[in-house]
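Reader: I've got this chain open on my screen and I'd like a guided tour. Could you take me through it bit by bit?

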Amino acid sequence: MARDELTLSQKVHLLLRAGGHTVATAESLTGGQLAVRFTETPGASETYLGGVVTYATALKQTLLDVDDRIVEEHGVVSAECARAMASGVKALTGASYGVATTGVAGPAEQEGKEPGTVFVGIAGPGLVEAVALDLPGERGEVTERTCDEALSALADILGREEERLG
């Protein structure tokens, strides 16, 4: 299969493998769907270590070590929380990269934020980033597009690293 015919999940797997990296996920609004996307690629066990679904705020705090101040000052639907979740799962699992999803899938608002308000956090060697997204659509569309955006953001970071080391 030509590289441009690969799925996004396969591209990410190949980029991770080429760099000798692993990844773990911390999911809230995607409820495990991102983990499915990582594991649908044959050979995923070489690069995907595992993940946690922390739908409840208390689990974000206890399992991922999201600081109480982040929750109080910014809420769980925030870039700050996404970054903390990504860092937390990276530390928890020992993965090279942690990828986190948090936001509002709908149909109702949460923390005063509209459905489709999403944050993807990525923690890796020397970086902790968050991508803010506005993803209109029904609940299923929001979660599916969140997974696409999370994989795409990680692929971009890995691609830049591959070029830099080139």
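Reader: Where does Asp65 lie?

Author: Quick caveats: this is a predicted model, where local features need pLDDT of at least 70, side-chain atom pairs count only at pLDDT 80 or more, and totals for chains, interfaces and linings use all residues. Numbering starts from 1 along each chain as its sequence is written, and side-chain values use heavy atoms, with hydrogens and water left out. Helices (H or I, at least four residues) and strands (E, at least two) are DSSP runs, numbered from the N terminus. On that scheme, Asp65 sits in the loop between H3 and helix H4 (68-74).

Reader: What phi does Asp65 have?

Author: Asp65 isn't a glycine. Even so, its phi is positive, at about 60 degrees.

Reader: In what order do the five strands line up in the sheet?

Author: Two strands count as paired if DSSP finds at least two bridges between them. The edge strands, which pair on one side only, are E2 (48-53) and E5 (127-134). The sheet is open, its pairing is mixed, and the order is E2-E1-E3-E4-E5.

Reader: Do E1 and E2 run parallel or antiparallel?

Author: Thr25 has Gly51 in E2 as its bridge partner. Five bridges join E1 to E2, and the two run parallel.

Reader: And how many bridges join E4 to E5?

Author: Val120 stands opposite Val131 in E5, and Val118 has Leu133 as its bridge partner there. Their hairpin has two residues between the strands, and Gly126 takes a positive phi near 75 degrees in it. E4 (residues 117-124) and E5 run antiparallel, and the number of bridges is eight.

Reader: At what angle does H5 run to E3?

Author: Axes are lines fitted to C-alpha atoms (for helices over the stretch in contact, meaning heavy atoms within 4.5 Å). Angles between N-to-C directions go from 0 to 180 degrees. Helix H5 (residues 79-93) lies across E1 (23-27), E2, E3, E4 and E5, and its angle to E3 is about 145 degrees.

Reader: Which residue does a cis peptide bond join to Gly106?

Author: Look in the loop between E3 and E4, where Pro107 has its place. Omega is about 10 degrees for the cis bond, and the partner of Gly106 is Pro107.

Reader: Which helix and strand each supply at least two residues of the lining of the largest pocket?

Author: Among its 16 lining residues, Tyr55, Gly103, Val104, Ala105 and Gln110 lie nearest the centre. The elements that each supply at least two are helix H3 (57-64) and strand E3 (97-103).

Definitions and conventions: On a 1 Å grid over the protein atoms alone, a cavity is a set of points where a 1.4 Å probe fits but cannot get out, and a pocket is an open set with protein on both sides within 12 Å along at least five of seven lines; lining residues have an atom within 4 Å of a point.
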